[in-house]
Amino acid sequence: MGGALPRELEPPTVSWRPTAVATDGSRVWVADGYGDNLVHAFDDDTLLWTTDGSASGTMLSTPHGLVVDPRGAEPRLLVADRGNHRIVALTLGGEYLDTFGHDVLTSPSGLTIAGEILWVSELFAAVVGVNRVADIIASVRDASVPADTVWPNARAGDQVTAPDLTLPQLRSPHGIAALATGELLVTEWVIGGRATILSPIWH
């Protein structure tokens, strides 16, 4: 790292298993989605606050993706609350604002913003575009996700193998990022993995 000394954020809980980070350049937010189902905020190395999402009426369940949303009058922190099939909106100070997407999302895992559109990667084979008023304006979805216990991989006899990853079919979108071109880079969580560049088209 060019001679830089690495630093580690002090784990705020003993079962700390972080899944995502977001930043506004100074503060850092961390989703502890595989540990205690919490979201933490740090300023440098100092823990500022922690939320379990209960102010929304439902505690967070596998909070997985985070993004700072600058599209409104005040920026807000969006949390992909995968286990509850929704997006939770918080102030940057951790106060609950809103939830949306629970009627259409199945497994939100990653979040990115391109222009006025929030793009959501869904683990169960989808990428969804959401506008500022939480309307779905675009969706790439594979409704044929199997119930096999080895999913998202495949089964060949008694062996677990890499699945057929033939585009344009999506298998298990996990991470997502918006490129300067307006295209989306999507990673998929499978044996062998895949990173795909998508060109969003909607009407």
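Which residue in β4 is the bridge partner of His 40? The points below take up that pairing and then the rest of the fold.

1. Basis of the note. This is a predicted model, in which local features need pLDDT of at least 70 and side-chain atom pairs count only at pLDDT 80 or more, whereas totals for chains, interfaces and linings use all residues. Residues are numbered from 1 along each chain as its sequence is written, and side-chain values use heavy atoms, with hydrogens and water left out.

2. The bridge partner of His 40 in β4 is Thr 50; strands here are DSSP runs of E with at least two residues, numbered from the N terminus, and two strands count as paired if DSSP finds at least two bridges between them. Strand β3 (residues 38-43) runs antiparallel to β4 and is joined to it by five bridges. The two strands form a hairpin with two residues between them, and in the turn Asp 44 has a positive phi of about 60 degrees.

3. Because Trp 16 lies in the segment before β1 (20-23) and Phe 42 in strand β3, the pair ties together parts that are 26 residues apart in sequence. Both Trp 16 and Phe 42 are buried, where buried means under 20% relative accessible area, exposed over 50%, and partly exposed in between (1.4 Å probe, protein chains only).

4. The four-stranded sheet. Four strands form an open sheet in the order β5-β6-β7-β8, with antiparallel pairing. Its edge strands are β5 and β8 (96-100), each of which pairs on one side only. Neighbouring strands of this sheet are turned by 20 degrees against each other on average, direction ignored; the axes behind such angles are lines fitted to C-alpha atoms, for helices over the stretch in contact, and angles run from 0 to 180 degrees between N-to-C directions. Between β5 and strand β6 (residues 76-81) there are six bridges in the antiparallel sense, and Val 68 has Leu 77 as its bridge partner in β6.

5. Thr 62 is placed in the loop between β4 (46-51) and β5 (63-69), and it counts as buried because its relative accessibility is 19%. Apart from neighbours within four places in sequence, Thr 62 is in contact (heavy atoms within 4.5 Å) with several residues, among them Gly 33, Tyr 34, Asn 37 and Asp 81.

6. Salt bridges. The count comes to six salt bridges, each defined by a side-chain nitrogen of Lys or Arg within 4 Å of a carboxyl oxygen of Asp or Glu. The side chains of Arg 76 and Asp 69 meet in one of these, at 3.0 Å from N to O, and both residues are buried; Asp 69, Arg 71 and Arg 76 are moreover linked in a network of salt bridges. Asp 24 and Arg 27 form a salt bridge whose closest N and O atoms are 2.6 Å apart, but here Asp 24 is partly exposed at a relative accessible area of 33%, and Arg 27 is partly exposed at 27%.

7. The three-stranded sheet. A further open sheet has three strands in the order β15-β16-β17, again with antiparallel pairing. The edge strands are β15 (173-178) and β17 (194-198), each pairing on one side only. Four bridges pair β15 with strand β16 (residues 184-188) in the antiparallel sense, and Glu 188 in β16 is the bridge partner of Pro 173. Glu 188 also forms a salt bridge with Arg 194, with the closest N and O atoms 2.6 Å apart, and both Glu 188 and Arg 194 are buried.

8. Asn 153. This residue is found in the loop between β12 (136-141) and β13 (154-156), and Asn 153 is buried, with a relative accessible area of 15%. A polar atom of the Asn 153 side chain lies 2.7 Å from the backbone nitrogen of Ile 191. Leaving aside neighbours within four places in sequence, the contacts of Asn 153 include Val 160, Pro 163, Arg 171 and Ile 191.

Note on methods:
A polar contact is a pair of N or O atoms within 3.5 Å; within protein, one must be able to donate a hydrogen and the other to accept it, and residues adjacent in sequence count only if both atoms are side-chain atoms.
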